[in-house]
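This report describes how two protein chains meet and what one of them leaves at its surface.

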Amino acid sequence: MRISTFRPLLTFIFLSVFTVGIASSKDSESEGPFNTTELIFHHIKDSHEFHIAGDITMPLPVILWTESGLVTFMSGEFHHDAEGGTVVERNGMKFVNVHEKIYQLNDGAEEVEFDAESHPINAERPVDLSITKNVFSMFLSMLLIVLIFVAAARSYKKSDVNVPRGIGKILEPIIVFVRDEIAIPNIGEHKYRKYMPFLLTLFFFIWINNIFGLIPFFPFSSNLSGNIAFTGSLAVITFIITLFSSKSYYWKHMLWMPGVPVYMKIFLAPIEFLGMFIKPMALMIRLFANITAGHVIVLSLISLIFVLNTLWVSPASVIFVVFISVIEVLVVAIQAYIFTLLSALYFGQALEGEH
Amino acid sequence: MSLALLQETATVSYGALAAIGAGLAAIGGGIGVGKIGASAMEAMARQPEMQGKLQGSAIVLIAFIEAIALFAVVVSFLAMDK
């Protein structure tokens, strides 16, 4: 099949799966007017079960660390109830799922009670180590990355002249791009080698997870890189590496920069000091907001059909979704690139010495 | 108008306020992206041989501007929860 006919067909299949998925989830619980905000937030939030299609969901393990030890059970025991109505009992402790947060009922309580702002009043949250939808998705991407890169490394080993074959052939230009366009210009010719493993991991991990978020059917489709805990962890790792590779020059220029009048130093030092923390914060929010916004836009456009409650909007809505999805393919790559680029830039700043 | 009357008549919809905030952020982002686009086009017209490099850096800069607009969207999201 020629690529020019193949590509629209693929897009069409993706979109029909996506639209039908949402339409069927609407049918199964259609009471009252269609609530767009609820649908969108349900999609972008983490979940204790993985929705596949229609009424089919995959239960995921719930792992809790309570005061009296570890408790595990499958999320199927909640019977898709995220309102707190279904109580699961283990070792005399009662658990409920309130909006995808697991609460442990206090002693003597039979069911969860809410205050005026619908926060539970007679339950506490144990330490939740569950394999949620996002964690599942992360394991999947880790597995994929390991498979791809082990295959690539093996193809280098097999060849006598260091020419890769198969998947290695695709990866080589990307790895060289990360080295020549991100690492060397920002970190420097002599010290970049030490940071390459981290930068490559960052780039491919973010990119693959972003792409997983764009694929709208079962084992993918979770909004992992649009989860602030995920982006926050990556940003914290970047921050820690920056601190550990910093030289005295970096600290001197931040806290008491030479060549600046003393009264300016007093103003600049706190600003620069805060800047040290704001940089990783900006990294965190940039990735989170970009990916979440992409998901929200796609879902809003699809929701237009249900909000206006007519089938005639769907061609326009689908065309817009195709348009946004094409932009998103670009955006997810650019976001992975920017996260890696800025991390390299911060490492470079920390490593800078006297000229 | 006294404060008591204001409290009685006005029921503040945080969702609407958040939407206005997101809209204002979009204006800012639009101005920024427009300026970058204009300058990039002009630079490309002056030096067509630099097109590849200019396009690359323009896209990266647009991503930065877009991120600022999206920061505001995140703040709107947080405000909507209240």
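## Basis of the model

A salt bridge is a side-chain nitrogen of Lys or Arg within 4 Å of a carboxyl oxygen of Asp or Glu. The model is predicted, so local features need pLDDT of at least 70 and side-chain atom pairs count only at pLDDT 80 or more, whereas totals for chains, interfaces and linings use all residues. Residues are numbered from 1 along each chain as its sequence is written, chains are lettered from A in the order in which they are written, and side-chain values use heavy atoms, with hydrogens and water left out.

## Where chain A meets chain B

Between chain A and chain B, 15 residues of chain A are in contact with eleven residues of chain B, contact meaning heavy atoms within 4.5 Å. The count of salt bridges between chain A and chain B is zero. Helix 2 (36–44), helix 8 (262–308) and helix 9 (314–351) of chain A each give two or more residues to the side that touches chain B, and helix 8 gives the most, with eight residues; helices here are DSSP runs (H or I, at least four residues), numbered from the N terminus.

## A nonpolar patch

L255(A), W256(A), V262(A), I266(A), F273(A) and F277(A) make a nonpolar surface patch of about 570 Å². Patch residues have over 30% relative accessible area (Shrake-Rupley method, 1.4 Å probe) and no salt bridge, with nonpolar side chains joined within 5 Å. Helix 8 of chain A supplies the largest share, four residues, and V262(A) lies in this helix.

Notes
Patch = residues over 30% accessible without salt bridge, like charges linked within 9 Å, V, L, I, M, F, W, Y side chains within 5 Å.
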